[in-house]
Amino acid sequence: MQEEPARGQDRATAPEPPAPSSSLLDELNRLASAARRLFGAQLQLLAAELGLARSAVSWLLVAALVATVAGVALGLTLLGMIGALLAVWFHSWIWALLVLALLQVLLLAGAVAMFRRCMRWMSLPATRREWNTMMRETMRRAESDIQNDGAGEGRP
């Protein structure tokens, strides 16, 4: 019976080995904290990029508007200059404006005729067949790329 209390005293006074679970928990906590910092930084970067993209889209629209206005203004200026030159040549503003209007009507008719011709070319059977063939080949390539990528995922 005396051996039992001695064993209990040995257990109480013996130093306990360090618990591996506490160091593992510390490591897991540090890993989780690092992951939170990393993903937090990624989210901040994403928010900044989205803000820049939103700003870029606004500036892009402003630049497109300015370019359109400048192009129209240039066109009107050139038409005015041509009208003034025609007025000097014909010695009459009325004849100059009539010739200018005739040139604009001819330009508009040419643009409409070219548009109609292009639409007709797109509707021809040979063009439709080529278009369909091109679309089928593109779809086939995309499907084969997807299959190849899916098969390649297991490879190192």
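H91 is found in the loop between helix 2 and helix 3, where helices are DSSP runs of H or I of at least four residues, strands are runs of E of at least two, and both are numbered from the N terminus. The structure is a predicted model, in which local features need pLDDT of at least 70, side-chain atom pairs count only at pLDDT 80 or more, and totals for chains, interfaces and linings use all residues. Residues are numbered from 1 along each chain as its sequence is written, and side-chain values use heavy atoms, with hydrogens and water left out.

The phi angle of H91 is near 60°, a positive value in a residue other than glycine. Most residues other than glycine have a negative phi. H91 counts as exposed at 73% relative accessibility; the classes are buried (under 20% relative accessible area), exposed (over 50%) and partly exposed (in between), with a 1.4 Å probe and protein chains only.

The chain contains 4 helices and 0 strands, and its pattern along the sequence is α-α-α-α. Of the 156 residues in the chain, 3% are buried.

Confidence is expressed as pLDDT, the predictor's confidence in each residue, from 0 to 100. The chain has a mean pLDDT of 82, with 82% of its residues at 70 or more. Confidence is lowest in helix 1 (residues 3-13), with a mean of 54, and highest in helix 3, with 92. Where pLDDT is low, the predicted coordinates should not be read in detail.

W89, F90, I94, W95 and L98 make a nonpolar surface patch of about 630 Å². The elements giving two or more residues to this patch are helix 2 (20-90) and helix 3 (93-123), and helix 3 provides the largest share, 3 residues. Patches are made of residues with over 30% relative accessible area and no salt bridge; like charges are joined within 9 Å, and nonpolar side chains (Val, Leu, Ile, Met, Phe, Trp, Tyr) within 5 Å. W95 is placed in helix 3 and is exposed, with a relative accessible area of 54%.

I82 belongs to helix 2 and counts as partly exposed at 39% relative accessibility. The C-alpha atoms of I82 and A96 are 8.6 Å apart in space, with the two residues 14 apart in sequence.

Over the whole structure, 2 salt bridges are found, a salt bridge being a side-chain nitrogen of Lys or Arg within 4 Å of a carboxyl oxygen of Asp or Glu. Side chains of opposite charge can pair when their charged atoms come close. R30 forms a salt bridge with E27, with 3.0 Å between the closest N and O atoms. Both R30 and E27 lie in helix 2, 3 residues apart, which is about one turn of the helix. R30 is exposed, at a relative accessible area of 52%, whereas E27 is partly exposed, at 45%.

E137 forms a salt bridge with R141, and the closest N and O atoms are 3.7 Å apart. E137 and R141 are both in helix 4 (residues 125-152), with a separation of 4 residues, about one turn of the helix. E137 counts as partly exposed at 35% relative accessibility, while R141 counts as exposed at 52%.

Definitions and conventions. Accessible areas come from the Shrake-Rupley method with a 1.4 Å probe; for residues, only the protein chains shown count as cover.
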